[in-house]
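Visitor: I have a structure open and would like to learn how to read it. Could you walk me through it?

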Amino acid sequence: MLIEFIKPDFNFIDDRGSLTQLVHGGWNQVNYITSVRGSVRGDHYHVLNKEAFYVISGGFRLALRHKDTNESAEYDIKAGEFFIIHPNVYHSFTYTADTALISMYNHGVELVNGKKDIIR
């Protein structure tokens, strides 16, 4: 499995605005990322980590390839989408708009043993 599209745990909207609870457990590292249109990020994979992304605004072309099977896929990702990339899947983001997103790792890139779970 290269990618798994998921839904937030909870959404609440009223006349004051909205609250979106993405998750309520299971993630050890959470990042807020901004990227400018035309930039490229990623082109790596994680051996241990599942990595979830929630796109706040903007969008990008997501290229995926499993390191062992070479299975590949590409997706046009837009604001409001929420997905998980599984371990051993190369992922590369080509930003088609200025973008803000949240990324979450189930273990974290910096591991307890001092090593990093990121392979280029």
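Visitor: Which residue is the bridge partner of A52 in β9?

Guide: Strands are DSSP runs of E with at least two residues, numbered from the N terminus, and two strands pair if DSSP finds at least two bridges between them. Here I84 in β9 is the bridge partner of A52. β6 and β9 (residues 82–85) run antiparallel and are joined by four bridges. This is a predicted model, where local features need pLDDT of at least 70 and side-chain atom pairs count only at pLDDT 80 or more, while totals for chains, interfaces and linings use all residues. Residues are numbered from 1 along each chain as its sequence is written, and side-chain values use heavy atoms, with hydrogens and water left out.

Visitor: Which residue of β11 is the bridge partner of F53?

Guide: That is S103. β6 pairs with β11 (residues 99–105) over six bridges, in the antiparallel sense.

Visitor: How many of the seven residues of β6 are buried?

Guide: A residue is buried under 20% relative accessible area, exposed over 50% and partly exposed in between (1.4 Å probe, protein chains only). In β6 five of the seven residues are buried, so this strand is largely enclosed by the rest of the structure.

Visitor: How do I read aromatic pairs, and how many are there?

Guide: Rings of Phe, Tyr and Trp (its six-membered ring) pair if their centres lie within 6.5 Å; planes under 30 degrees apart are stacked, over 60 edge-to-face, and the rest tilted. By this rule there are 10 aromatic pairs. One of them is Y45 with Y90, edge-to-face at 4.8 Å centre to centre and 70° between the planes. This pair links distant parts of the chain, 45 residues apart: Y45 is in the loop between β5 (40–44) and β6 (51–57), and Y90 is in strand β10 (residues 89–95). Both Y45 and Y90 are buried.

Visitor: Why is the pair of F93 and Y95 stacked?

Guide: The ring centres of F93 and Y95 are 6.2 Å apart and their planes are at 10°, so the pair counts as stacked. F93 and Y95 are both buried. Ring pairs also link F93 and Y95 into a cluster with F5, F53, F60, Y75 and F83.

Visitor: Where is H86, and is this residue buried or exposed?

Guide: H86 sits in the loop between β9 and β10 and is buried, with a relative accessible area of 16%. A polar contact is a pair of N or O atoms within 3.5 Å; within protein, one must be able to donate a hydrogen and the other to accept it, and residues adjacent in sequence count only if both atoms are side-chain atoms. The side chains of H86 and E4 make such a contact at 3.1 Å.
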